[in-house]
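Q: Please take a close look at the contact between the chains. Start with the fold around it, then go through the details one by one.

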2 protein chains.
Amino acid sequence: MTTPSTGRVRMSPESRREQLLDLGTRLLATRTLDEVSIELLAEEAGISRGLLYHYFGNKQEFHAAVVRRAVEDIYAITAPRGIEDPLEQLAVSLGAYVDYVKENYTGYVSLIRAAAGGNEELRAIYQQARRALTDRIFEIAGAEQLAELGVVDSAATRLLVDGWAALVENVVVAWVEDPAGLSRDELLQRLALVLPAIVTR
Amino acid sequence: MTTPSTGRVRMSPESRREQLLDLGTRLLATRTLDEVSIELLAEEAGISRGLLYHYFGNKQEFHAAVVRRAVEDIYAITAPRGIEDPLEQLAVSLGAYVDYVKENYTGYVSLIRAAAGGNEELRAIYQQARRALTDRIFEIAGAEQLAELGVVDSAATRLLVDGWAALVENVVVAWVEDPAGLSRDELLQRLALVLPAIVTR
């Protein structure tokens with residue numbers, strides 16, 4: 001959590017770019033995507049806007065890079081932690097996601113709105129991330145477990161799992177705004193249990 | 001399905017406005033919301049743009065009126081048809097929704113994108129419509145049936161039902177684009193069965 005230092009030498013352009021993206025993603029936590037401008041990043045990083053344009057090309061590319069980083073972060077924090085029971089593993093991953101949404105609420109909501117709205121580039125990044133998360137769910141469940149549940153890994157099943165992801169996103173964002181009397185644990189159990197209910201007959 | 005006639009006299013401004021909205025909604029079926037401009041409506045209705053501005057104020061108000069009409073249409077076509085079994089009733093209503101999305105795909109997708117994106121007025125109209133649909137589901141299920149299932153009509157239950165609505169929207173839009181081997185009946189059964197799975201423990 002160090003702020004990028006401009007004085008350090010011998011930092012590769014790639015590392016510097018990564019460091020700036022870290023900062024951009026942190027700024028996004030409490031700001032909307034539109035509020036995280038190249039101007040703000042320059043000010044916070046203590047470097048010139050010209051240099052930032054050198055790293056990110058333009059505002060749209062900068063935002064795409066920040067969103068890509070944010071979805072990578074979500075993918076990383078929800079990674080399986082070696083819990084044997086798939087449903088328990090799922091609930092733990094969902095818990096990490098819930099905490100992320102809580103801590104990054106303003107930026108996260110603006111990100112999903114931008115992706116759900118008219119921004120085609122952000123939509124593509126977002127859908128790719130959702131597909132990666134879905135793929136991982138199938139890996140976690142494992143072919144054997146799926147067969148036991150009578151679930152076939154088909155296009156139809158993927159369609160329904162993607163619908164479940166939409167449900168999770170919707171419910172978690174609403175829950176963070178107003179928990180409606182549901183404890184975090186109840187929420188996670190409900191969301192995890194819905195998945196097998198959707199994909200099994 | 002008659003085109004509005006400009007020659008008819010004694011039509012009240014309200015009826016004329018309704019007629020123009022009918023036309024706007026029909027135009028929306030195969031066009032995005034942005035493509036349904038006041039210019040296009042004027043051309044199709046054979047009246048002046050000036051008169052249309054008189055009825056709708058500006059483009060944003062016109063679009064809000066068209067979207068309001070579209071969600072009213074969805075509410076109407078998915079109305080319960082007196083089927084006793086709540087799950088069967090739900091599947092039939094979902095079927096009407098699926099057919100609507102199919103017939104109005106371009107406009108419907110642009111509408112939900114506009115509502116999910118940054119347009120606050122469209123978002124409000126859309127969320128109000130979703131709330132009305134949710135309310136009706138609780139009415140259809142009936143207090144007795146809910147009690148039998150052990151479902152309490154609480155804020156938490158409503159949160160989950162709204163998540164189910166997000167799932168339905170996501171799955172239906174994707175299914176219309178690519179059915180992924182799921183028949184219409186299978187789709188409706190799956191979507192209907194998910195609802196009790198979400199709200200019961």
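A: A helix here is a DSSP run of H or I covering at least four residues, and a strand is a run of E covering at least two; both are numbered from the N terminus. By that rule, chain A reads α-α-α-α-α-α-α-α-α from its N terminus. That gives nine helices and zero strands. Keep in mind that this is a predicted model.

The chain has 201 residues, and 50% of them count as buried. Take the contacts in chain A between residues at least 6 apart in sequence: 65% of these join residues at least 24 apart.

Now the contact itself. Chain B contributes 28 residues, and chain A contributes 28 residues. About 2500 Å² is buried between chain B and chain A, with 64% of that area coming from carbon and sulfur atoms. On the chain B side, the most area is lost by B:Arg113, B:Leu159 and B:Arg190. Together these three make up 26% of what that side buries.

Two salt bridges are counted between chain B and chain A. One pairs the side chains of B:Glu120 and A:Arg113, at 3.5 Å from N to O. This pair qualifies because a salt bridge needs a Lys or Arg side-chain nitrogen within 4 Å of a carboxyl oxygen of Asp or Glu. Four residue pairs are in polar contact across the interface, each with both residues at pLDDT 80 or more.

Which helices of chain B supply at least two residues each to the side that touches chain A? They are helix 6 (105–116), helix 7 (120–148), helix 8 (155–177) and helix 9 (184–199). Helix 8 of chain B gives the most, with 13 residues. By type, the chain B side divides into 17 nonpolar, three polar and eight charged residues.

Back to chain A, for some local detail. Helix 7 of chain A covers residues 120–149 and includes A:Arg136. A:Arg136 is buried yet has no salt bridge. The nearest side chain of opposite charge belongs to A:Glu139, 6.5 Å away. Beyond its neighbours within four places in sequence, A:Arg136 contacts A:Tyr75, A:Thr78, A:Ala79 and A:Pro80.

A:Leu133 also sits in helix 7 of chain A. Is A:Leu133 buried or partly exposed? Its relative accessible area is 29%, so A:Leu133 is partly exposed. Leaving out residues up to four places away in sequence, A:Leu133 touches A:Tyr75 and A:Thr78. A:Tyr75 and A:Thr78 are also among the contacts of A:Arg136. A:Val67 lies 66 residues from A:Leu133 along the chain, and their C-alpha atoms are separated by 16 Å.

Last, the end of chain A. A:Thr200 is in the segment after helix 9 (184–199). A polar atom of the A:Thr200 side chain lies 2.5 Å from the backbone oxygen of A:Pro196.

Note on methods:
Residues are numbered from 1 along each chain as its sequence is written. Chains are lettered from A and ligands numbered from 1 in the order in which they are written. This is a predicted model: local features need pLDDT of at least 70, side-chain atom pairs count only at pLDDT 80 or more; totals for chains, interfaces and linings use all residues. Side-chain values use heavy atoms; hydrogens and water are left out. Buried means under 20% relative accessible area, exposed over 50%, partly exposed in between (1.4 Å probe, protein chains only). Lys and Arg count as positive and Asp and Glu as negative; His and the chain ends are not counted. Contact means heavy atoms within 4.5 Å. Buried area is the accessible area (1.4 Å probe) that two parts lose on being put together, summed over both. A polar contact is a pair of N or O atoms within 3.5 Å; within protein, one must be able to donate a hydrogen and the other to accept it, and residues adjacent in sequence count only if both atoms are side-chain atoms. Ala, Val, Leu, Ile, Met, Phe, Trp, Tyr, Cys and Pro count as nonpolar, Asp, Glu, Lys and Arg as charged, and the others, Gly among them, as polar.
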